[in-house]
Amino acid sequence: ARLAILLSGRGSNMLALLEATKTGVLKDLAEVVVVFSNKPDAPGLAFAAERGCPVAALPSQGRKREAFDAEAAALLQRYQPDLVVLAGYMRILSPAFIQPFAGRILNIHPADTQQHQGLHAYEWAFENHLPETKITVHLVDEGLDTGPILAQQTVDLRGADTLEEVERRGLAVEHYLYAETLAELIKGNQTVMSSAGEASRVPK
Ligand code: GRF
C-alpha cells in the first residue's frame, strides 16, 4: 500500500513507520510515498528528507480551513496514496480533505478516544494519576478524535512519576501499535469502512 504520512512536529511516529516499511512489519506491505506537513519547518519533515523520503509542505498559517484542506488534498492526490496516515498532524480535517480519502485516513491518539480527545493527553493521564492509559489508532472523521477505533493498547503507568516517563512509555507503544495496525489493515485482517458504510480492501 502507498502511505502518505502527515505531520506537524517532531515526527517520531513517522520515523517508526518509515523504519517498519524498511525492516519491520510493513516490509513488502507498504511504502511511504510522501511525508507532508502544514509546517514547512517541522523537524519531522527534515528527518524524512534526510532519509531520502519524498517530502512536501504547504503552510497552513493564515489560510482558511476549507481552502487549505482542498489544496492539501489535491497535492496529496498526486502521490496516489492508498492510506493517509496522520502522525502528530495538528489540524482538524474539514470535508474538503476527508471526502477524497474517505475511510482511508488514520490517526493515532495517545489516550482512549472515548475518554479523552484533543491535545495534552499524556499530561491528562499524568495529572490524574491514572494507573494506565490507552493508545488508540482510529479512522478519521470530521470530529476531533472521534472516528471508529481500529486498535487500542494499554500502557501501564504505575510507578511513572514524571510526565517524561509517562510519555516515554506511551510513545514506545505508539511506535509499534501504529505499524502493527497498518500491517493488519493492509493484509486485510481488519476491514476499513468507507463513509458510505461499505467495506473496502486496501491494496498491498
Ligand atoms: C503523538 O503522541 C501522537 O499520538 C499525537 O501527537 C504526537 C506526535 O508525536 N497525535 P510525533 O511527532 O510522532 O513524535
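This is a predicted model: local features need pLDDT of at least 70, side-chain atom pairs count only at pLDDT 80 or more; totals for chains, interfaces and linings use all residues.

Trainee: Which residues of H2 are buried?

Mentor: Helices (H or I, at least four residues) and strands (E, at least two) are DSSP runs, numbered from the N terminus. In H2, residues 43–50, the buried ones are Gly44, Leu45 and Ala48. They lie on the same side of H2 because they cover an arc of only 105° around the axis, the arc being that of the directions from the helix axis to the C-beta atoms. Their cover includes H1 and the strands E1 (2–7), E2 (31–37) and E3 (55–57). Just after H2, Gly52 has a positive phi of about 80°.

Trainee: Which residues touch the most other members of the largest nonpolar core?

Mentor: In soluble globular proteins, nonpolar side chains tend to be buried together. A nonpolar core is a set of buried Ala, Val, Leu, Ile, Met, Phe, Trp, Tyr and Cys residues joined through C-beta atoms within 7 Å. Here the largest has 50 residues, and Ile5, Leu6, Leu17, Val35, Val85 and Ala87 touch the most other members. H6 provides the largest share of this core, 7 residues. A second, separate core of 7 residues includes Ala111, Tyr122, Phe126 and Val166.

Trainee: Where does UniProt place the feature "active site"?

Mentor: UniProt positions are given in the numbering used here, feature names are shortened, and annotations may be inferred rather than shown by experiment. The unreviewed UniProt entry places this feature at His109, a residue of strand E5. His109 counts as buried because 22 C-beta neighbours lie inside 10 Å. Two residues are in contact if their C-beta atoms, placed from the backbone, lie within 7 Å. Leaving aside neighbours within four places in sequence, His109 is in contact with Ala121, Thr136, His138 and Asp145.

Trainee: Is Thr162 buried or exposed?

Mentor: Thr162 counts as exposed, because it has 9 C-beta neighbours inside 10 Å. Thr162 lies in the loop between strand E7 (149–156) and helix H6 (163–187).

Conventions: Residues are numbered from 1 along each chain as its sequence is written. A residue is buried if 20 or more other C-beta atoms lie within 10 Å of its own, exposed if 12 or fewer, and partly exposed in between; C-beta atoms are placed from the backbone.
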